[in-house]
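The exercises below are meant to be worked through with the sequence and the coordinates side by side. Try each task before reading its solution.

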Amino acid sequence: MESWNQTSTDAVRAHAPSTMNQRIDAHVESCVRFMAEQGDRSEMSRYLEKLEHEWDVHRTLVVGVPAVALAGLLLGRESGRGLRVLGGITLGLLLQHGLTGFGPLSVLVRALGVRTRREIDLEKFAIKALRGDFERIPNDGGPLARANAALVAAQS
């Protein structure tokens, strides 16, 4: 499975445990294979629309962390300092993620199955290639060969 997604330079992916990357790659590969087997352009279009709205790791953190920090500040007014400290810690971790491109919070949301933008885009481009949006994907070799060709084309 890793053979088609080895060149990623994404900091989140590079610092995530390989088992997380393999699980996400397996999900992408199974979805692309399913679309190749179906061969239904309208189903591919519906799935691409779903991918357009999928949140990536960065967006999840940029929305989630301030929400936790704000809740900590608001609830901390009445229940004490502990929740305010939680808000400060989460903001510090978000700062680390912003400066380095990864951090403990990115590993946490990645464990929940949240993908990087590059991984989402790779799947989108592979589905678009299967749909026929780009250069022709060979029809010989069956759905598995078409899925692999689409994944390789999306990577390049």
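**Exercise 1.** In this predicted model, find which members of the largest nonpolar core touch the most other members, and state which helices supply at least two residues each.

*Solution.* The largest nonpolar core has 18 residues, and those that touch the most other members are Val32, Met35, Tyr47, Ala126, Ile127, Leu130 and Leu151. Turning to the helices, at least two residues of this core come from each of H2, H3 (41-52), H7 (117-131) and H8 (142-155). Apart from this core lies another, of eight residues, including Val57, Val65, Leu105 and Val114. For Ala126, once neighbours within four places in sequence are left aside, the contacts are Val32, Ala150, Leu151 and Ala154.

**Exercise 2.** Describe how the axes of helix H4 and helix H6 cross, and classify the residues that make the contact.

*Solution.* The axes of H4 (residues 57-79) and H6 (residues 104-111) come within 10 Å and cross at roughly 110°. Because angles of 65 to 115 degrees count as roughly perpendicular, H4 is roughly perpendicular to H6. The crossing of the two helices is right-handed. On the H4 side the contact is made by Val57, Thr60, Leu61 and Val65, and on the H6 side by Leu105, Ser106 and Val109. Sorted by class, this contact has five nonpolar residues, two polar ones and no charged ones.

**Exercise 3.** Decide whether His27 is buried, partly exposed or exposed, and list its contacts beyond four places in sequence.

*Solution.* His27 lies in helix H2 (residues 18-38). Its relative accessibility is 39%, so His27 counts as partly exposed. With neighbours within four places in sequence left aside, His27 is in contact with Tyr47 and Arg115. The C-alpha atoms of His27 and Glu123 are separated by 9.8 Å, although these residues are 96 residues apart along the chain.

Technical notes: Residues numbered from 1 in each chain as written. Predicted model: local features only at pLDDT ≥ 70, side-chain atom pairs only at ≥ 80, totals over all residues. Heavy atoms only, no water. Axes fitted to C-alpha atoms, helices over the stretch in contact; angles between N-to-C directions. Helix = DSSP H or I, 4+ residues; strand = E, 2+ residues; numbered from the N terminus. Parallel < 35°, antiparallel > 145°, perpendicular 65-115°, else oblique. Left-handed = near helix turned anticlockwise from the far one by under 90°. Contact = heavy atoms within 4.5 Å. Nonpolar A, V, L, I, M, F, W, Y, C, P; charged D, E, K, R; others polar. Buried < 20%, exposed > 50% of the residue type's maximum accessible area, 1.4 Å probe, protein only. Core = buried A, V, L, I, M, F, W, Y, C linked by side-chain atoms within 4.5 Å.
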